[in-house]
Amino acid sequence: MRVLVVEDEPKLAELIRHGLRKRGMSVDVAGNGESASVMAGATEYDLILLDVMLPGVDGFEVCRRLRSQEVWSPTVMLTALDDVEDRIRGLDSGADDYLSKPFSFDELMARVRAVTRRGAPRRPTQLSVGELTLDPAARTVERNGEPLPLTSRELSLLELFMRRPGEVLSRFELLEHAWDNAYEHRSNVIEVYIGYLRDKLGRETIETVRGAGYRLRT
């Protein structure tokens, strides 16, 4: 495996590099966020170990930049920040795991094995289809950069459509995603909310496929 270690403390960076090399990995080191962004964009790494508290561009922003550039290398954030909000922020920025300092090297290796088993599938922090952009973490939607006021239920439906653009989604799939078992499948709630979305997104945005369901035009 080829690993990028992003750490501004030289002693810790060298300790991590030494430990990974002993386990047969090739290791590059970046000492700041700008260098990390350039290196990760130019080289296909199997893993990125990313410190949060970096000079200049912090680890949260580095991770967001890489995901926006479609760099999907599995990423573990390493940080002295251990607040719940910081962990949430790290994961929402596109990281795959989060490890607080100080940590044992054995735990680091266990997390490395876990995230690399998953590979590097696309995991965008925002969904974009045509003029629409949806941020699942912030629960916001924009059309051509302008915010759209959607209810929580409308946003849940739109998120499913945007994760599967161009696919026909049945009423059952839409109900399973956005409603619990309190709703009966014969209810017309889907038709009602599709109407709400069309009113806000444009009538042509969601197409009815007779006898099958609905799909988001791409």
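Predicted model: local features only at pLDDT ≥ 70, side-chain atom pairs only at ≥ 80, totals over all residues.
1. Start with Glu70, which sits in the loop between α3 (59-68) and β4 (75-79). Its phi comes out near 65°, so you have a positive value in a residue other than glycine. Worth a look when you go through the backbone torsions.

2. Asn144 also has a positive phi, about 55° in this case, and is not a glycine either. You'll find Asn144 in the loop between β8 (140-143) and β9 (146-147). Is Asn144 buried or exposed? Exposed: its relative accessibility is 55%, and the cut-off for that label is over 50%.

3. Next, a peptide bond to check by eye. The one from Lys101 to Pro102 is cis, and omega is near -10°. As for where that puts you, Pro102 belongs to the loop between β5 (97-100) and α5 (105-117).

4. Last up is Glu159, a residue of helix α6, which covers residues 152-163. Glu159 counts as buried because its relative accessible area is 11%, and buried means under 20%. Which residues does Glu159 touch, leaving aside those up to four places away in sequence? The contacts are Leu127, Leu134, Pro136 and Arg139.

How values were computed: Residues numbered from 1 in each chain as written. Heavy atoms only, no water. Helix = DSSP H or I, 4+ residues; strand = E, 2+ residues; numbered from the N terminus. Buried < 20%, exposed > 50% of the residue type's maximum accessible area, 1.4 Å probe, protein only. Contact = heavy atoms within 4.5 Å.
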